[in-house]
Amino acid sequence: MRLVIDKAGKLYHGRQGKVWALRNFSLELRPGVLGLLGPNGAGKTTLMNIVATITRATEGTITWNGADLQRDPDAVRAVLGYLPQDFGVYPNLNAVEFLEYFAAVKGLDAAAARRRIDELLPLVNLADVRKRPLGGYSGGMRQRIGIAQALLNDPQLLIVDEPTAGLDPEERVRFRNLLSDLSGDRIVILSTHIVSDVEATATDIALISGGTLVAHAPPEDLLRAAEGKVWEWVVPSVELSAAKQRYLISGTVRRADGVHVRLLAESAPAGAVPVAATLEDAYLHCLSTHRAHLAAEANAR
Amino acid sequence: MMRDRVLYHLARADFLERVRRYSFLLTLAFAAGLAYLIFAGIISLQLGEYRGVYNSAWAGSMLTLVGTTYISLAGFYMVKNTIQRDQQTRVGLVLATTPMSKSLYTLGKALSNFAVLAAMVSVLAAAAVILELVRAEAGGLEPGKLLAPFVWVGLPAMAMTAAVAVLFETLPVLRGGAGNVIYFFAWTTYVGVSGLTGVNDYIGLGFFMRRMGDALKRIDPSYQGGFAFGHPNAQAAKTFLWNGVDWTPQVLLGRLQWVAIAIGIAWLSALFFHRFDPARERSRRKMEAPEPSEEQRAPATPIAEIHLTPLARTARSSQLPRLVAAELRLMLKGQRWWWYLVATGLFVASLAVPDTQARQALAAFAWLWPVLIWSQMGAREARYDTQKLVFSCAHALDRQLPAVWAAGVVVAISTGGGSGIRLLIAGDWPGFAAWLAGALFVPTFALALGVWSGSSRLFEALYTLWWYVGPMNHIPVLDFTGMASMRLGTPFYLLSTLALLTIAYVGRHGKLGYA
């Protein structure tokens, strides 16, 4: 099982001219969970749409087990489970009918589809509302039916874009556990802004910014890179604004003795103490290093 | 002043959102198509055995009348989605929290509808100029006489259509498919009454009929009042000179009253407008129930206790019949019992009724009844935002699209089957072939328009119009039901089916990133 993205790029022709949403992007994936992180507009959804065969790359190749998706998209579609960030449902169908419809579209035979639906509905905690029309589902319930739909064909490649959006904390934890359980023998691409979701499930992290790959490494490697650069500093409230302008701040907590500021810096401000880096710190550190590098390159030109 | 600004921006944003969609081009193409039908002589205006001499007044009046008549029907369906769009894009929820009044909102929406319809009228006005330049039989181009009918009849008619569309959208009963059907019958009745009475109607049919009739009587006092508008049975043998309407202040006030009424209707719509309150949206209220509470909900089964059976490779098949059945279920899901009752009634009646004319009408109605089912074809994925889910499945182009088409054909054969069986029993093979060609053509037409426009409205508008002009007015070439006495259309409908299938395939191919 191997997904290879080689120098992929996507050019959009907008009213403001041409925009590269993704450029020279290469990545090789094997079974496990890849956490896709990046700021808004970084190109995460574009990348997922390309791999999910929703949109065609302008340049580069994407291969699944050696099959070129540009020439043979059905090679991956047959084994793909995809949960887009935004999707709709047919409001007059109930959960079973909706899944039966997609089982037919995905080419599952009737008996296997029925068995699979019976297993999936308790998994996404919708068994007791299985006969209710989807038009009456809440946002979280719709998200869960989307998750069930993505798992219908027992996918070898599972792509989930912001899967926990709209889920309550209990369901979020449940989904994380499900993702971890599923990841053993398939490739999972998880895109999210919720770093804790990635922290809990990802075996690898790809950081994207401005349409390019900034880093691709296990979480431990990213954490190591930020180690020794994260500090906690207590400042009076009135000095918080100045501190924000001077340092990259990843969090603040107000306490009786002042504001406890968590910041990233090569060297500690006077009075700051070192703390262990979290994945969020590592993400911010990686991004700020990348941006500083780009700025230096621009200045050199 | 502030209200004017809000109104302007409401209408502007809505209009820009529409004109930047591909379907707007199809809207203009519809107006251009109407103009072509006039150029080709398929649609014309005759008063008994007379037609007007081609001059600026005649070209302007005729194209205005064509525009107001057909656009007031088809255009209504094209614009009756402005509030629905705000609901679907969730922009409405944001607007609802602003100080904007409900009346300002409905007025803004009516104004945007009007702008779209006025764009269609403008296409016809441009066509009138070309018609006058190409076919001029008397005098040169007189812009005043040519354009005055568009301004004083065309635009007020569009204002009325725009406002009525907003009213229908705000009234829960008229918002959905039932409203579309009701509008169609209300429109046909109104057109019929206007044609009979010659009153100053908003469409302008009676308005022009009376004035043109008076002008003709001055030349030929024996003229008895025939006013054929549509497809002429025979070319007019004589001509008369029409110098246009005398636009006196009284006449102008008579036309402007429709603009005032349109504003009144748009204003009145605010009374029924739900301001995007989910509790006041009828369909949602009926279906939506809150998520079960903690107490009601059965405890979630721990994930560790759930076993997902790995799917055997053999569990994957590519059975087209199963996919057709799934598409058919999706099409019919949500139809009420009375829909099936009426469909069954039309099936049985078109099979059993002995009178030929009655059977023709029943056959026509049997294929009007499923219009809202067919109109979803090819557009359902865009309407319900399931494109990414469906299009990322294997064989979305070569299996799912044919399955949708086949399901549509099954609906056509099932609903119009009474006529088909009757033709078979009578041994009328050419008739049966024509009926079968119709059964293939109608869903293919729906699929092609749905795929390309991403909306059900274009098919609803064009098909209703076609149905009215063809099967209802017994124009043989345009009658796709197979009931016309001359089955001239069979090869045309079969070829059109093939062409439309190709168009649908190409359209879907373009929507799939890969294919």
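Residues are numbered from 1 along each chain as its sequence is written, and chains are lettered from A in the order in which they are written. In this predicted model local features need pLDDT of at least 70 and side-chain atom pairs count only at pLDDT 80 or more, while totals for chains, interfaces and linings use all residues; side-chain values use heavy atoms, with hydrogens and water left out.

**Chain B overall**

Select chain B and colour by secondary structure. Chain B has 23 helices and four strands; helices (H or I, at least four residues) and strands (E, at least two) are DSSP runs, numbered from the N terminus. Of the 515 residues in chain B, 50% are buried. Buried means under 20% relative accessible area, exposed over 50%, and partly exposed in between (1.4 Å probe, protein chains only). Contacts (heavy atoms within 4.5 Å) can be sorted by sequence separation: among those in chain B between residues at least 6 apart, 80% join residues at least 24 apart.

**Ser72(B)**

Go to helix α3 (residues 56-79) of chain B, where Ser72(B) is placed. Ser72(B) counts as buried because its relative accessibility is 0%. Show polar contacts next: pairs of N or O atoms within 3.5 Å where, within protein, one must be able to donate a hydrogen and the other to accept it, and residues adjacent in sequence count only if both atoms are side-chain atoms. The side chain of Ser72(B) reaches the backbone oxygen of Thr69(B) at 2.9 Å. With the side chain of Trp187(B), the Ser72(B) side chain makes a polar contact of 2.9 Å. Leaving aside residues up to four places away in sequence, Ser72(B) touches Gly67(B), Met158(B), Thr161(B), Tyr183(B), Trp187(B) and Ile203(B).

**Glu132(B)**

Move to helix α6 (residues 102-135) of chain B and select Glu132(B). This residue is buried, with a relative accessible area of 2%. Which side chain is in polar contact with that of Glu132(B)? The partner is Ser56(B), at 3.3 Å. Beyond four places in sequence, the residues touching Glu132(B) include Tyr54(B), Asn55(B), Ser56(B), Ala59(B) and Leu146(B).

Select residues 205-219 of chain B, helix α10, and take the distance between its end C-alpha atoms. The expected span is 1.5 Å times one less than the number of residues, so the 15 residues of α10 in chain B should span 21 Å, and the end C-alpha atoms are 21 Å apart, which agrees. Buried residues of α10(B) include Leu205(B), Phe207(B), Phe208(B), Met209(B), Met212(B) and Leu216(B).

In helix α20 (residues 417-425) of chain B, the buried residues are Gly417(B), Gly418(B), Ser419(B), Gly420(B) and Leu423(B). Their cover includes α14 (337-352), α15 (356-366), α19 and α21 (429-453) of chain B. Just after α20(B), Gly427(B) takes a positive phi of about 70°.

**The interface of chains A and B**

Show both chains. In contact across the interface are 52 residues of chain B and 68 residues of chain A. The buried area, which is the accessible area (1.4 Å probe) that two parts lose on being put together, summed over both, is about 5,400 Å², with carbon and sulfur atoms giving 56%. There are 10 residue pairs in polar contact between the chains (both at pLDDT 80 or more).

The elements of chain B that give two or more residues to this side are α13 (320-332), α17 (380-383), α18 (387-391) and α19 (396-415). Of these, α13(B) gives the most, with six residues. By class, the chain B side has 25 nonpolar, 11 polar and 16 charged residues; Ala, Val, Leu, Ile, Met, Phe, Trp, Tyr, Cys and Pro count as nonpolar, Asp, Glu, Lys and Arg as charged, and the others, Gly among them, as polar.

Now look for salt bridges (a side-chain nitrogen of Lys or Arg within 4 Å of a carboxyl oxygen of Asp or Glu). The rule finds two across the interface. One of them joins Glu100(A) and Arg329(B), with the closest N and O atoms 2.3 Å apart.

**Two loops of chain A**

Most residues other than glycine have a negative phi. Select Asn65(A), in the loop between β4 (59-64) and β5 (67-68) of chain A. Asn65(A) has a positive phi of about 50° and is partly exposed at 44% relative accessibility.

End at Asp154(A), in the loop between α5 (139-151) and β7 (157-161) of chain A. Its phi is near 50°, also a positive value, and Asp154(A) is buried, with a relative accessible area of 11%.
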